[in-house]
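Q: I have a new model open and want a quick walk through it. Can we start with the charged contacts?

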Amino acid sequence: MKDHVTFLKIKREDPRYRPVCERVKDFREVGVPRPDSSSREQASRCMTCGTPFCHWACPLGNYIPEWNDLVSRKLWGEAFELLDAANNLPEIIGRICPALCEYSCVLGINDSPVTMLHTHSPVLVSAPRVKSPVWSTHCPLGETSDTRAFLPVSFAL
C-alpha cells in the first residue's frame, strides 16, 4: 500500500549536472545519472492527485501519476510500457522535454514539485533489464553507432 504522505517525508532532490568545463569538450549527457533508488524515492513523492494537472500540462498526454506509481514500486517494464503508450519516441523526448508537468504539479503550490523529467531516464535504462515485450521493438540505449543527425531549428519571426 502506498504511503500518501511521502511528499512530506522526502524532499525534492534536484538533478546534478556535469561541470561546464567538461560539457564543452564532448556531446555526452549534461546531467549526472541518478541511481534507481533515488529515482524511486523521488517518484514516490507524487501525491496521485484527484485532478492531475501534470497530466493536462503534458503535450503528449503521458500518464504521469500512474507512471510515477509504477516507478516507485520498481515495475520498470510496466513503467516503460505506459510511457511508450503515449509517446512514440520516449528515448528522444525524454532528452528534449521542457518538463511542463513539473511546473504544473499541485505539490509545487506549497512545496517543491515532483522531479518528473529526471525520473524518465532511469526507466529507459532499467527497462531492458526486465525484458519488457515492448522494449524489444526499441533500440537499447547501450548500442551506439557513428551515425550523426542534424536537427534544424527555425528561428523565423
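Q: How many salt bridges does a search of the whole structure find?
A: The search finds 8 salt bridges. A salt bridge here is a side-chain nitrogen of Lys or Arg within 4 Å of a carboxyl oxygen of Asp or Glu. This is a predicted model, so local features need pLDDT of at least 70 and side-chain atom pairs count only at pLDDT 80 or more, while totals for chains, interfaces and linings use all residues. Residues are numbered from 1 along each chain as its sequence is written, and side-chain values use heavy atoms, with hydrogens and water left out.

Q: Which residue meets Asp 111 in a salt bridge?
A: Lys 11 does, at 3.8 Å, N to O. Asp 111 lies in the loop between H8 and H9, and Lys 11 in the loop between helix H1 (6-9) and helix H2 (20-23), so the pair ties together parts that are 100 residues apart in sequence. Helices (H or I, at least four residues) and strands (E, at least two) are DSSP runs, numbered from the N terminus.

Q: Lys 11, buried or exposed?
A: Exposed, with a relative accessible area of 54%. Asp 111 is partly exposed at 26%. The cut-offs: buried is under 20% relative accessible area, exposed is over 50%, partly exposed is in between (1.4 Å probe, protein chains only).

Q: What about Glu 102, which side chain meets it?
A: Arg 12, in a salt bridge of 3.2 Å, N to O. That pair links distant parts of the chain: Glu 102 is in helix H8 and Arg 12 in the loop between H1 and H2, 90 residues apart. Glu 102 is buried at 12% relative accessible area. Arg 12 is partly exposed at 22%.

Q: Which residues are linked in a network?
A: Arg 18, Glu 22, Asp 26 and Arg 28 are linked by salt bridges. Separately, Asp 69 forms a salt bridge with Arg 73, with the closest N and O atoms 3.2 Å apart.

Q: Back up a bit. How many helices and strands are there?
A: The chain has 9 helices and 0 strands. Of its 157 residues, 32% are buried.

Q: Which residues of H6 are buried?
A: In H6 (residues 76-86), they are Trp 76, Gly 77, Ala 79, Phe 80, Leu 83 and Asp 84. They cover an arc of only 160° around the axis, which puts them on the same side of H6. The arc is that of the directions from the helix axis to the C-beta atoms.

Q: Now the backbone. What phi does Ala 99 have?
A: A positive one, about 60°, although Ala 99 is not a glycine. Ala 99 sits in the loop between H7 and H8 and is buried, at 5% relative accessible area. Thr 48 also has a positive phi, about 50°. Thr 48 is in the loop between helix H3 (36-43) and helix H4 (53-57) and is partly exposed at 38%.

Q: Pockets next. Which residues lie nearest the centre of the second largest pocket?
A: Cys 58, Asn 62, Cys 97, Cys 101 and His 120, out of 21 lining residues. A pocket is found on a 1 Å grid over the protein atoms alone: an open set of points where a 1.4 Å probe fits, with protein on both sides within 12 Å along at least five of seven lines; lining residues have an atom within 4 Å of a point.

Q: Which helices supply the lining?
A: Helix H5 (64-72), H6, H7, helix H8 (100-103) and helix H9 (117-126) each supply at least two residues of it.
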